[in-house]
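Here is a briefing on one protein model. Look over the sequence and the fold before reading the notes.

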Amino acid sequence: MPRPKKNFTPEYREEAVKSVIETSRPVAQVARELGINPGTLSNWVSAYRRDHAGAEPALDVAERARLRELEREMRELRMENEFLKKGVPRTQEAA
């Protein structure tokens, strides 16, 4: 027997979406806490972001500097990882 469809108020949806966006927690975690389907919450978040695309504040100078630093670090780690992969003999890759 199918479960009855739940109707959520716009206020409830907005609060759920803000729980995801403002706290930067995963959709699945917030959905589990609220007892709703993660796919439903994900749809709400996507719609909110689409409707409020220009509403997010731009990064300030410190955030931009931190982002550049993290991107540089990520590039270095990827290069290091690729270098280490090339050094492993083929016989040991499966181990």
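Which residue forms a salt bridge with Glu14? The partner is Lys18, with the closest N and O atoms 3.1 Å apart. A salt bridge here is a side-chain nitrogen of Lys or Arg within 4 Å of a carboxyl oxygen of Asp or Glu.

This is a predicted model, where local features need pLDDT of at least 70, side-chain atom pairs count only at pLDDT 80 or more, and totals for chains, interfaces and linings use all residues. Residues are numbered from 1 along each chain as its sequence is written, and side-chain values use heavy atoms, with hydrogens and water left out.

**Confidence**

- The mean pLDDT of the protein chain (the predictor's confidence in each residue, from 0 to 100) is 86.
- A value of 70 or more is reached by 89% of the residues.
- Helix H2 (residues 27-34) has the highest confidence, at a mean of 94. Helix H5 (residues 90-93) has the lowest, at 62.
- Helices (H or I, at least four residues) and strands (E, at least two) are DSSP runs, numbered from the N terminus.

**Salt bridges**

- The structure holds five salt bridges.
- Glu14 and Lys18 both sit in helix H1, four residues apart, or about one turn of the helix.
- Glu14 is partly exposed at 38% relative accessibility, and Lys18 is partly exposed at 27%. Buried means under 20% relative accessible area, exposed over 50%, and partly exposed in between (1.4 Å probe, protein chains only).
- Arg25 bridges to Glu33, with the closest N and O atoms 2.8 Å apart. Arg25 is partly exposed at 26%, as is Glu33 at 49%.
- Glu76 and Arg72 meet at 2.4 Å, N to O. Both lie in helix H4 (residues 61-87), four residues apart, about one turn of the helix.
- Glu76 has a relative accessible area of 41% and is partly exposed. Arg72 is partly exposed too, at 32%.
- Salt bridges link Glu69, Arg72 and Glu76 in a network.

**Aromatic pairs**

- A search of the whole structure finds two aromatic pairs. Rings of Phe, Tyr and Trp (its six-membered ring) pair if their centres lie within 6.5 Å; planes under 30 degrees apart count as stacked, over 60 as edge-to-face and the rest as tilted.
- Phe8 and Tyr12 are stacked, at 5.2 Å centre to centre with 15° between the planes.
- Phe8 and Trp44 have ring centres 5.3 Å apart and planes at 75°, so this pair is edge-to-face.
- Phe8 lies in the segment before helix H1 (10-23) and Trp44 in helix H3 (residues 38-51), so the pair ties together parts 36 residues apart in sequence.
- Phe8 is partly exposed at 22% and Tyr12 is partly exposed at 29%, whereas Trp44 is buried at 11%.
- Together, Phe8, Tyr12 and Trp44 form a cluster linked by ring pairs.

**Nonpolar core**

- The largest nonpolar core has nine residues: Ala16, Val17, Val20, Val30, Ala31, Ile36, Leu41, Trp44 and Val45. Such a core is a set of buried Ala, Val, Leu, Ile, Met, Phe, Trp, Tyr and Cys residues joined through side-chain atoms within 4.5 Å.
- H1, H2 and H3 each supply at least two residues of this core.
- Leaving aside neighbours within four places in sequence, Leu41 is in contact (heavy atoms within 4.5 Å) with Ala16, Val17, Val20, Val27, Val30, Ala31 and Ile36.
- In soluble globular proteins, nonpolar side chains tend to be buried together.
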